[in-house]
Amino acid sequence: MCEQAFSSDGYLIDQSKTRMLPYGNYDSSYNGCGWIAAYNALKAAGRTIPYETIRQELQRSLMLGGLLGTNMFYLCWYLGRKGFHLRKAFTLAGAQMVSRGAVAGIVTYWTGRGIHFAAFTQEQGEVLRFFNAVMGKERHLATMEQFFRELVRFPLTFVMALEPLPRSRARTARRRLGRG
């Protein structure tokens with residue numbers, strides 16, 4: 001993949017540079033924001049999984065050949081399988097609450113042209129660092145309120161804040177799924 005798709009600290013920040021990576025019947029520059037957000041959120045949460053692995057694992061859930069991109073319900077299940085509890089919200093007030101103290105998260109929102117996924121992590125206080133929300137922006141820093149004001153074109157969104165499961169609960173969840 002093109003080196004320019006990554007930030008200097010290894011996050012995927014420019015989806016337009018992923019044209020050569022298929023995601024269903026399309027290339028990732030068209031519909032890859034979901035797997036890119038998963039990669040960035042997992043990386044921010046300390047889980048280093050190769051982007052290629054995440055792309056392939058999430059590709060299994062695509063409907064209509066990937067025309068609509070990543071299935072957000074499957075993405076929730078996938079992140080849970082990776083050992084995270086998700087706190088969820090659908091409004092700005094809820095997003096502000098669940099993102100407080102979260103190690104990482106994903107915002108799913110309407111851009112005015114389509115639905116987009118962007119990952120975030122805590123920076124300092126209420127300030128978050130967003131990845132792949134503005135293509136190629138190295139350090140996109142904003143509060144959740146600023147993010148909504150600048151990029152969200154419909155007030156109803158879906159925000160997932162990741163919290164690591166205690167080891168015993170993560171082990172039990174993996175056993176239930178038949179993965180040890």
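**View 1. Ring pairs join Phe6, Trp35, Tyr39 and Tyr51 into a cluster.** In this predicted model, local features need pLDDT of at least 70, side-chain atom pairs count only at pLDDT 80 or more, and totals for chains, interfaces and linings use all residues. Residues are numbered from 1 along each chain as its sequence is written, and side-chain values use heavy atoms, with hydrogens and water left out. Rings of Phe, Tyr and Trp (its six-membered ring) pair if their centres lie within 6.5 Å; planes under 30 degrees apart count as stacked, over 60 as edge-to-face and the rest as tilted.

**View 2. Tyr109 and Phe147 form an edge-to-face aromatic pair.** The structure holds 10 aromatic pairs. In the pair of Tyr109 and Phe147, the separation is 5.2 Å centre to centre, with 80° between the planes. This pair links distant parts of the chain, 38 residues apart: Tyr109 belongs to strand β4 (residues 104-110) and Phe147 to helix α6 (residues 144-151). Helices (H or I, at least four residues) and strands (E, at least two) are DSSP runs, numbered from the N terminus. Phe147 is buried at a relative accessible area of 0%.

**View 3. Phe130 and Phe147 form a stacked aromatic pair.** Their rings lie 4.1 Å apart centre to centre, with 15° between the planes. Phe130 in strand β6 (residues 127-131) and Phe147 in helix α6 are 17 residues apart, and the pair links distant parts of the chain. Both Phe130 and Phe147 are buried.

**View 4. Lys43 lies over the face of Tyr11.** Lys43 is placed at 5.1 Å from the ring centre of Tyr11. A charge sits over a ring if NZ of Lys or CZ of Arg is within 6 Å of the ring centre and within 35 degrees of the ring normal.

Definitions and conventions:
Buried means under 20% relative accessible area, exposed over 50%, partly exposed in between (1.4 Å probe, protein chains only).
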